[in-house]
Amino acid sequence: MRSVLWIIWTVLWPLTGLGQQQPYYGFDSGLPANFLSSGIALTLSGEHVKDGANSLKWAADAGAVLTAGDLGIPVTDIASRNSGSAQFFIYSSRITNDTLVFRFYDKAGIRKREGHLLLNFNGWRDYHRNYRLDYNKGKELPAFALDKMELIYRPQNPAATVVLYLDAFRFIGDTKDRYPGPQLAPDRQDFGTNYDRVGMLVDYLTKPDLPVMPATAQERKDAYKVNAFYLQPVPAVTPENLAAAKRFVTACHIRRNPDSSITGRGQLYLDNEDTLLQVSTYCGYLAGAVIHNADNDAKKKLLDFTEYMLDQGLAEGGRLFLNLGHYKQSLNFPLGFLTAMPLYPNEMKARVLKMLKWHIGYNRIYDSQKTDPNTDFMHLRSDFLFKLAALAPSQDEWVRDLKCISRYLGLFVNFTQGSENGLKADGTAFHHNVHYLGYMYAMGTYADRIYSLKGTVYRLNAAAYKRVALFYKASFLQSSKGAIYANSISGRNPFSGFPVGADKLRKLIEVGGDIMGKPYDPELAAFYSYIFDNREYPVNKAAADGYYQFNYGQLGVQRKDNWVAAMHGFTNRLWGAEIYATQNRYGRYQSYGSLEVLYNGDTAATGYPGGKGRGWDWNMPPGTTTVHLPFSELQAKLVRADEYNEKSFAGALALGKNGIFAIDFVEKAGNKYSPNHLQFHKSVFSFNDILVCLGSGIQSSNTDCITATNLFQAVSASVNPPVYINAGRAIRDGSYSNTMATANKESWLVNGQSTGFFVPRGGGTIVVERGKQDTPVETSLTGSPRATAYFSKAYISHGQAPANAQYRFVVVPGTTPQKMERLAARFASDKVYRILCQTDSLHAVEYLPDSITSYVFFEANDRVNTGLVKRISGQALVAIKKQGRIISITINNPDLNAVDDPITKWHSAPYHVSLQLAGKWKVVDNPSGAAITNDRAAVTVNFTLKDGLPASLKLLGD
């Protein structure tokens, strides 16, 4: 029966303007007059088909040519980026190293393209290429008018002959992605270097670099120990599922040709992901019936069905690409075949094993150099590496492959450069080319994999363990009790839970102990006790309160007692929000200099909404500076709209218990939304248990909506805890709005989550609101459905279209109204901190209790003259701490000084910055190797900075 796709093409073909010839040949309507053979005449055959009832049978000897002429395909169709591809299916009955040459000519008889297909397969395979993109090492070639194609048979042995079957010949109009298989290996380079397209073939062509050696008794014993983690149970099969599987097999009309080769109904759409999963599932059902019920009919159907599917091209080199973003198919496709493995004869088992290895990219384990940080692969397919290794024909080969898998797992956590996915030097982890903590559940899967190697000769190497331990520490430090983390780093999944469970960290602790020859890693165990505040391990809790910088994530984190404050920005290369067609539609602002305070690992205690942001006002992420827009204008106009900054300066500097965060922001609206021309300079100076927040140069062009700096937002589906404003009396009103000017007097407030806010005199106009709000859910494209929640929120209003607004306020986590009232008095009398400078080029604050002055230099400045600093040659975060006559200088440049890179898109390059200090100084300690020059009244220090990491220097004053 002709397919639906064929019907569509038959109807639409006269409208395409491609001439009188058709773009698709299924060979059911007779032998095409424009197909000719130089040797034995072509015939139609039903022995092997891919679509319909017949294929074209071609008996050829060396040099034989099959010509398809008068194709009449115009240049405009070849030029189509979406559909300018051809796909031809070829059936070979035996595996050889013979070659089929494809040549394509224009009307003048000039050869325009040539490609090669190895006949290194039996069954159906495809020749699938784009005329412009797949013949010149990935570089585009000009289109041409296709008039003729030649197929030339070139055997290795000049005396050889072959019988081939050709079917489903589509000369133009194919829109599917191309994934070249081993049959196209001779032209591998012509497909370019895009791993998403050629990755399966690249992996396949990677051959074992370790020889198969006789395995020791310990290696064999440990192989079985590892395998115990990956044993796959055979589930019972319901009568309904078994009946469905048998009906499907029967509908395939599987039968034998006179030569005993298998055939059946052609499966043209075998590359459909749901079809592939269905085939595997039915194999699993049939195998389960054999194993549990000794069903002989199911066994016969299983063996015939599997052989038939292998013959149809569900085999090594077939179109078995499953998008790793489609979890259901990727996780489950191999399972049915693995269930059936014990029932297959050896030859069939070998073919199925090759097919599964081809599908998952098994041969990547043989690359001894490549770091392969594909987190989707780790999460979805890494267990199959172990399962397929255990099916090796010998124990010696199994042992060899387990060694390779262990090595692969070690390489997986190598630090990567630039936008490459994987772990970075500061412990962050990239997915979709940015730090993406929400996606790092894959590192939980990684912990499972290395845990399965614990206590064996295949255990992870110590260097790799240190890197993965760094990642785990960095990740849990960004969390509150390993349960919640800042929404600003959630990507396209707002208010998602922490991705790595405590059980994974416990596994890692045991892995570390095994590597060290101990029951557990004592350092990581102490860290675990700190994060979860327990005594699960007999060690003292780590003293980990303090400030942490993660500049590959544009992130600063301060931790103390039961709270975590996370400050986040983004740059021109590293997006701050990921927006998909039905995900995070209103999340544009989530990283606009956010400052989120998390409490006790609890969403309610933090004021976070449930249900991925239900009832959340998307205009008001805490700490951000935004234009409060109607939701219809806030939503992205495009299906995909990652949010970038025009500037590159965003990140943090850690100073023990203190730290600095800053972002220089200029809106980059592009065509994603109507521009507001929003700009600001923002800083957060963290001093022990307070955060001094400054903003300058705030401007926008929106004359209809206010621009505001958002102090906090807390929502709940059921309760609305009271807030306190300038007094100890609780404000519990269900509906409340208050505007407070600070031109003549400072104000303070404490929200229902115990976070205090102090706005000094002249700090801005404060608006505090409570009530119920109705907001669109994050998936909505139309503004509905919506969700309602109780809310309390406060912001500093800069009015409509501000030209050069500022703000200044202090955040005090974990406080009470009584404490806040006392602190406010001290803040107002300048007894805790002093703001030394707040311009578009420099923010500087002195913290009096620690004698530390912190600076944010948004640009070079020759006339700083603030504190000890006279001038600086470029952007930097700087802190100078005085201890008697000694000063300690800490400096970094959080923007990574990114430069273009052809492989990694960019990489962090050394950044040279010169800092001049007033006075005469001698070097006490120079661990960073800074170059120092003294003159009579000043000292100039030249630092080389990289990767956002800090440099330090100690000087003694005369």
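1. Start with the second largest cavity, which is lined by 16 residues. Lys50, Phe89, Gln312, Gly313 and Arg319 are the ones that lie nearest its centre. A cavity here is a set of points, on a 1 Å grid over the protein atoms alone, where a 1.4 Å probe fits but cannot get out, and lining residues have an atom within 4 Å of a point. Bear in mind that this is a predicted model: local features need pLDDT of at least 70, side-chain atom pairs count only at pLDDT 80 or more, and totals for chains, interfaces and linings use all residues. Residues are numbered from 1 along each chain as its sequence is written, and side-chain values use heavy atoms, with hydrogens and water left out.

2. This second largest cavity has a volume of about 120 Å³, a volume being the space filled by probe spheres set on the grid points, which are joined across faces, edges and corners. Strand 9 (residues 123-130) gives the most to its lining, with 3 residues; strands are DSSP runs (E, at least two residues) and helices are runs of H or I (at least four), numbered from the N terminus. By class, the lining has 6 nonpolar, 5 polar and 5 charged residues. Ala, Val, Leu, Ile, Met, Phe, Trp, Tyr, Cys and Pro count as nonpolar, Asp, Glu, Lys and Arg as charged, and the others, Gly among them, as polar.

3. Now the largest cavity: about 170 Å³, with 18 lining residues. Val597, Thr606, Pro622, Phe712 and Asn751 lie nearest its centre. Strand 22 (594-599) and strand 28 (706-716) are the elements that give two or more residues to this lining, and strand 22 gives the most, with 5. The lining divides into 12 nonpolar, 5 polar and 1 charged. The count of cavities of 30 Å³ or more comes to 8.

4. Next, a helix pair. Helix 12 (residues 441-452) and helix 14 (residues 502-516) pack at about 35°, with their axes 9 Å apart. Gly444, Ala447, Asp448, Ile450 and Tyr451 in helix 12 meet Lys504, Lys507, Leu508, Glu510 and Val511 in helix 14. That contact has 5 nonpolar, 1 polar and 4 charged residues.

5. Finally, take a look at Asp383, in helix 10 (residues 375-389). Is Asp383 buried or exposed? Asp383 counts as buried because its relative accessibility is 15%, where buried means under 20% relative accessible area (1.4 Å probe, protein chains only), exposed over 50% and partly exposed in between. Leaving aside neighbours within four places in sequence, Asp383 is in contact (heavy atoms within 4.5 Å) with Tyr230 and Arg449.

Technical notes:
Axes fitted to C-alpha atoms, helices over the stretch in contact; angles between N-to-C directions. 1 Å grid on protein atoms, 1.4 Å probe; cavity = no way out; pocket = protein on both sides within 12 Å on 5 of 7 lines; lining within 4 Å.
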